[in-house]
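Visitor: Please take me through one part of this structure in close detail, and then show how that part sits within the whole.

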Amino acid sequence: MSKRLFYPLFLLLIPLIGMTITEEINWSLLDFLIMGVLLIFLGIGINVVINRTINLKNRILYIGILVLTFLFIWAELAVGVFGTPFAGN
């Protein structure tokens, strides 16, 4: 397994630093774990698409679908856009 797979986890430093600066960002350990899992799955998905897709248009389409799915899941967990039981506050 490549170490590149874990590079997206560095994005978790943004809310971690934000929590030290302001009281408005209030993430728990579970929030960091869930976002870490989502970022790892996104990284794995993009890696699979890059390795298995030859056509550039298809590659861009599949990566766009993965990123949009990630953003929809993130928005639902954060604020409950779709009103599922997994919605945040």
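**A tryptophan and its surroundings**

Guide: Trp74 counts as partly exposed, because its relative accessibility is 41%, and partly exposed means between the limits for buried (under 20%) and exposed (over 50%), with a 1.4 Å probe and only protein chains considered. The model is a predicted one, in which local features need pLDDT of at least 70 and side-chain atom pairs count only at pLDDT 80 or more, while totals for chains, interfaces and linings use all residues. Residues are numbered from 1 along each chain as its sequence is written, and side-chain values use heavy atoms, with hydrogens and water left out.

Trp74 belongs to helix 3, which spans residues 56-79; helices here are DSSP runs of H or I with at least four residues, strands are E runs of at least two, and both are numbered from the N terminus. Together with Val67, Leu68, Leu71, Phe72, Val79, Val81 and Phe82, Trp74 makes a nonpolar surface patch of about 770 Å². Such a patch joins nonpolar side chains within 5 Å, taken from residues with over 30% relative accessible area and no salt bridge (a Lys or Arg side-chain nitrogen within 4 Å of an Asp or Glu carboxyl oxygen).

Thr53 counts as buried, because its relative accessibility is 11%. A polar atom of the Thr53 side chain lies 3.0 Å from the backbone oxygen of Val49. Apart from residues up to four places away in sequence, Thr53 touches Asn58, Arg59 and Tyr62.

The wider setting is as follows. The protein has 3 helices and 0 strands, and its elements run α-α-α from the N terminus on. Its C-alpha atoms fill a box of roughly 45 × 30 × 20 Å along the principal axes. Of its 89 residues, 18% count as buried. The protein exposes about 7000 Å², of which carbon and sulfur atoms supply 72%.

Notes
A polar contact is a pair of N or O atoms within 3.5 Å; within protein, one must be able to donate a hydrogen and the other to accept it, and residues adjacent in sequence count only if both atoms are side-chain atoms. Contact means heavy atoms within 4.5 Å. Patches are made of residues with over 30% relative accessible area and no salt bridge: like charges are joined within 9 Å, nonpolar side chains (Val, Leu, Ile, Met, Phe, Trp, Tyr) within 5 Å. Accessible areas come from the Shrake-Rupley method with a 1.4 Å probe; for residues, only the protein chains shown count as cover.
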